[in-house]
Amino acid sequence: MEHEILIDAQAQASPRVKAQLRRAILAALREEGVDVPCIVEVCLTGDGDIRQTNLEMRGVDSPTDVLSFPMFELSPGDKPRGEWADPDTGKVLLGDMMISLERARAQAEEYGHSLERELCYLAVHSVLHLLGYDHLDEGPMKAQMRAREEAILGGLGITREGP
């Protein structure tokens, strides 16, 4: 099965960063058992653009690290279905994510780890949103999402202390 990760780098990103993002997104899809070919679109941008999108889409007038735009209303554990696939590509457009490289750099510095680790975390976090996970509460929903994030990143050898 061949998932497609489309990266639009509106902010400067190295080939290594793009490769790490692809690796993290593919791992999240695999670990969540997504068994139909999907397309995930990624926009790497700066604080200004993500702030504007955050204002337009959520009514929040501030930059954020990542925004997720799922194409389907799923619940955790639900999977995209083959009948949702575009007939031309044979793939399901799972959704879009927008990541601020500025915010990711600042958070990586704040948390004391690499930019790559922060970007991988944000990408996995966003994929989980595309698959119906959320963290609106401070209880079970958030704990479930955090556990999945850590498991997926751990499988990639990316821990809070590691790469």
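Which element gives the most to the lining of the largest pocket? The answer is α4, with six residues. This is a predicted model.

**The largest pocket**

- The volume of the largest pocket is about 730 Å³.
- Its lining is made up of 28 residues, and those closest to the centre are V66, H125, H129, D134 and H135.
- Three elements each supply at least two lining residues: β3 (66-70), α3 (101-111) and α4 (115-130).
- Sorted by class, the lining holds 12 nonpolar residues, eight polar ones and eight charged ones.

**H125, a residue of the pocket lining**

- H125 sits in helix α4.
- H125 is among the lining residues closest to the pocket centre.
- Is H125 buried or exposed? H125 is buried, because its relative accessible area is 7%, and buried means under 20%.
- Beyond residues up to four places away in sequence, H125 touches V66, H135, M145, R146 and E149.
- Two of these partners, V66 and H135, are also listed with H125 among the residues closest to the pocket centre.

- A24 belongs to helix α1, which covers residues 15-31.
- A24 has a relative accessible area of 0%, so A24 is buried.
- Which residues does A24 contact, leaving aside its neighbours within four places in sequence? They are C120, A123, V124 and L156.
- Of these, C120, A123 and V124 fall within the residue range of α4 (115-130).
- The C-alpha atoms of A24 and L122 are separated by 9.2 Å, and the two residues are 98 residues apart along the chain.
- A28 also lies in helix α1.
- A28 counts as buried, because its relative accessibility is 0%.
- Leaving aside neighbours within four places in sequence, A28 is in contact with V124, V127 and I152.
- A28 and T159 are 131 residues apart along the chain, and their C-alpha atoms are separated by 15 Å.

**Cysteines**

- How many disulfides does a search of the whole structure find? The search finds zero.
- C38 is in no disulfide, and the nearest cysteine sulfur, in C120, is 19 Å away.
- C38 is buried, with a relative accessible area of 0%.
- A disulfide needs the two sulfur atoms within 2.5 Å.
- C43 counts as buried too, at 14% relative accessibility.

**Salt bridges**

- The count of salt bridges comes to eight.
- Side chains of opposite charge can pair when their charged atoms come close.
- One of the bridges joins R30 and E31, with the closest N and O atoms 3.8 Å apart.
- R30 is exposed, with a relative accessible area of 54%.
- E31 counts as partly exposed, at 44% relative accessibility.
- Another bridge joins R148 and E32, with the closest N and O atoms 2.6 Å apart.
- R148 lies in helix α5 (residues 140-155) and E32 in the loop between α1 and β2 (38-45), so this pair ties together parts that are 116 residues apart in sequence.
- R148 is partly exposed, with a relative accessible area of 22%.
- E32 counts as buried, at 8% relative accessibility.
- R51 and D61 also meet in a salt bridge through their side chains, at 2.6 Å from N to O.
- R51 is in helix α2 (residues 47-58) and D61 in the loop between α2 and β3, and the pair, 10 residues apart, links distant parts of the chain.
- R51 is partly exposed, with a relative accessible area of 34%.
- D61 is partly exposed as well, with a relative accessible area of 46%.

How values were computed. Residues numbered from 1 in each chain as written. Predicted model: local features only at pLDDT ≥ 70, side-chain atom pairs only at ≥ 80, totals over all residues. Heavy atoms only, no water. Helix = DSSP H or I, 4+ residues; strand = E, 2+ residues; numbered from the N terminus. Buried < 20%, exposed > 50% of the residue type's maximum accessible area, 1.4 Å probe, protein only. Contact = heavy atoms within 4.5 Å. 1 Å grid on protein atoms, 1.4 Å probe; cavity = no way out; pocket = protein on both sides within 12 Å on 5 of 7 lines; lining within 4 Å. Points joined across faces, edges and corners; volume = space filled by probe spheres on them. Nonpolar A, V, L, I, M, F, W, Y, C, P; charged D, E, K, R; others polar. Salt bridge = Lys/Arg side-chain N within 4 Å of Asp/Glu carboxyl O.
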